[in-house]
Every structure is written in C-alpha cells, then in structure tokens.
Amino acid sequence: MHTDSAARAADIEAIKQVVTVVEHSQQHKDPDEFLALFHPDAVWTTAGGKVLIGLDAISEFTRQVLPAADWDGKVTYEVLHVLFIRPDVAAVKVRQLYLGPDAGSEGAPLYVMSRQDDGRWLLTACQNTAVAAG
C-alpha cells in the first residue's frame, strides 16, 4: 500500500473510532467520555438548534441533558462518508439510529473533525440534525 494511502486509511479508522466512542458515550449516558472527544474551541449545534460555542458551553449543556435523558440509550452511529478538506480536517457524515422504544427516530449529524499535533482526531464543528419522519 502506498504510504499516503496507508496514512489516509489510518486516519479514517481513527475517525471511525471517535464516532464509536460517541456511540458508546451516548449509550451509557457518559458525559465525561463524550466531552473528551471535543476540541477546546469546538462548536456544537444540537438537533434542536441550540448553538454551543466552546467546550465550557458544550460541557454545561451535556452534563445537564445526557445523564438525565429519559430515553433508553439504545442508539447506533454509522460513518457514511468522510471528506478530507485538508489532510488534518475532515467532514464526517454520520447516520444515527435509535432502537428499542425510540425505534424509527433518526439523526444525520455532520462532524467536522481536526487532527491534533499528537495525532488524535477531535470533534471541532458539529451539527446534530434530526431527520423528519415520513
């Protein structure tokens, strides 16, 4: 495998791992695990349209809503597409499916991730969009 191809494949796997941790943190309603995935200057827009700027605002919101959520935590996240904007910045389209009693609910998040100097990929600018039924 060509070196650039190997590096790109490793980045895609690292990005997929971030999404796997998002899924795990949501399933277990674990705000600390979720918040560890964010760049300090991140921007997060919730499915309801609330704009959160910076890790402090994202943290305050997440610590209020995630542990108290009344859903059963049965949700899956699947990476549908990764577009590298630059070698260290990727737009990641995700499919979010709720299972169990919430079956049929779907989200279509877009995560812009950036690779840090230490090689970690972090959520940097994210839009969590609910998919309308029908």
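**Aromatic pairs**

Modeller: This is a predicted model, and it contains five aromatic pairs.

Biologist: How are the rings of F34 and W44 arranged?

Modeller: The ring centres of F34 and W44 are 5.5 Å apart. Planes over 60 degrees apart count as edge-to-face. The planes of F34 and W44 stand at 90 degrees, so this pair is edge-to-face.

Biologist: How many residues apart in sequence are the parts that F34 and W44 tie together?

Modeller: F34 belongs to helix 2 (residues 31–35). W44 belongs to strand 1 (residues 38–45), so the pair ties together parts whose separation in sequence is 10 residues.

Biologist: Are F34 and W44 buried or exposed?

Modeller: Buried means under 20% relative accessible area. Both F34 and W44 are buried.

Biologist: How are the rings of F84 and W121 arranged?

Modeller: Their centres lie 6.1 Å apart. The planes of F84 and W121 are at 70 degrees, so this pair too is edge-to-face.

Biologist: Which strands hold F84 and W121?

Modeller: The pair links distant parts of the chain, 37 residues apart. F84 is in strand 3 (residues 75–86), and W121 is in strand 7 (residues 121–127).

Biologist: Why does F84 count as buried?

Modeller: The cut-off for buried is under 20% relative accessible area. F84 counts as buried because its relative accessibility is 15%.

Biologist: Which residue lies over the face of F84?

Modeller: The distance to look for is the one to the ring centre of F84, which is 3.8 Å. The residue over that face is R8.

Notes
Residues are numbered from 1 along each chain as its sequence is written. This is a predicted model: local features need pLDDT of at least 70, side-chain atom pairs count only at pLDDT 80 or more; totals for chains, interfaces and linings use all residues. Side-chain values use heavy atoms; hydrogens and water are left out. Rings of Phe, Tyr and Trp (its six-membered ring) pair if their centres lie within 6.5 Å; planes under 30 degrees apart count as stacked, over 60 as edge-to-face and the rest as tilted. Helices (H or I, at least four residues) and strands (E, at least two) are DSSP runs, numbered from the N terminus. Buried means under 20% relative accessible area, exposed over 50%, partly exposed in between (1.4 Å probe, protein chains only). A charge sits over a ring if NZ of Lys or CZ of Arg is within 6 Å of the ring centre and within 35 degrees of the ring normal.
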